[in-house]
Amino acid sequence: MKRLLKISVTFLFLLMGLTVSTLLLKKYNTYFKFGNFFKDDDCGYDAYFLGSSHVLNGIFPMELWEKYGIRSYNMGWNTTPTATSYWQLRLASKLHKPKYAFVDIFFMDQNIKCNEYAHQLFDYFPFDGVKNEALKDMFPSFKDRIEYYFPFIYCHNNWAYMNMKSFTEIEPTKGAELRIDVKNAQVFLITPFDYDAQKESIGLEYSRKIIDFCRSNDIIPVFFCVPYPEQEKLAKWKNALLEILAEENVAYLEFPENIVDFDTDMYDQNSHLNPSGARKVTDSIGRFIVDSLGFSSDCGSAESEKWNADLDLYRKYYDSKIDEETKLENVFMLLNDEHYSAEISMGRELLPVEKKLLEQIPHCKFKPNSSVEGNCQIKIYRSVDGSLLCEKHF
């Protein structure tokens, strides 16, 4: 009897330990991305942005809140297939049902349902019938999905990297990521619109599922593609999607021509936007939501206070990115923002990219000064109160 009791107690402690460690590892693995989303359990959302890293780096929800009063969350992640976005939308909508679902088409051509980042996108969502349905759909083999039931199997090595910050710090960006650099984009090709449409892919199949789910849940779907140096392949799939959207009377957001400058607004040479480009795209989306979708805010005063508190954290976070930056052209790029003004003294000739970046800074006093310390001296001020943020020398 005593032996059986010892075995039972030991098994119970092992089970408790496994459960606690699994919960902690799940939180560690996805807290940085979804911590804000689950923290805001009493807040509503007007829009979700779903898709690839183009979305992750290209849309800033806090900018939408500040300028348009739109509450949104950036669900984007690296190489996310459309099928994954479908299940993300279903899971997220159980917690906070949005008015609008914006779906990126960049990986529309992929004939896969998930990728190696599925843990980051799904682990934090509570286990329920929808999540189980999602896992069965994406991982037909129980062997492949068992680690999603018990993330300890996948995440156990993460203990070595944990500290208190792993569970307490959240970047105040509502899911977005700032990629800070300036690269001149490769020569890009805008493919003629009359390319033959592709008819079938898992991406197109799940685009239809997204439309059906949105219609059944009083959510307005909008498909779009974050501007980037366009590839021929994407244009073909875009044409196929446009046929579906026309049949279903669903909106496709076409950004204005030349909305981003491929000399100054790209983080890398062929794909991702830097914060300068992301702010331009975000502003265009905000105008579309207000002007074309007829958005009006139903956010109460208590919730507005929470969002405004988050906005203060976001502004301080952005301040810190400018303060920490060590590359001159990146500072110029980050200053393409109404929240800052700058006094710039330059002791040498501007490089072509620096000149172009400088022209985009909305509040800037520039003067050549051969006696300046180093090549360049910049004093950066906050526009809201005129206070000095930092002084930088290059």
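Residues are termed buried under 20% relative accessible area, exposed over 50%, and partly exposed in between (1.4 Å probe, protein chains only). This is a predicted model, in which local features need pLDDT of at least 70 and side-chain atom pairs count only at pLDDT 80 or more, while totals for chains, interfaces and linings use all residues. Residues are numbered from 1 along each chain as its sequence is written, and side-chain values use heavy atoms, with hydrogens and water left out.

**View A. Edge-to-face pair of Phe38 and Phe125.** Rings of Phe, Tyr and Trp (its six-membered ring) pair if their centres lie within 6.5 Å; planes under 30 degrees apart count as stacked, over 60 as edge-to-face and the rest as tilted. In the pair of Phe38 and Phe125, the centres are 5.3 Å apart and the planes form an angle of 70 degrees. Because Phe38 belongs to helix α1 (residues 2-39) and Phe125 to the loop between α5 and α6 (129-138), the pair ties together parts 87 residues apart in sequence. Helices are DSSP runs (H or I, at least four residues), numbered from the N terminus. Phe38 and Phe125 are both buried.

**View B. Stacked pair of Phe139 and Tyr148.** The centre-to-centre distance is 4.6 Å, with 25 degrees between the planes. Phe139 and Tyr148 are buried.

**View C. Lysines over aromatic rings.** A charge sits over a ring if NZ of Lys or CZ of Arg is within 6 Å of the ring centre and within 35 degrees of the ring normal. Lys174 lies over the face of Trp307, 4.3 Å from the ring centre. The charged end of Lys209 is placed over the ring of Tyr206, at 5.2 Å from its centre.

Note on methods
Helices (H or I, at least four residues) and strands (E, at least two) are DSSP runs, numbered from the N terminus.
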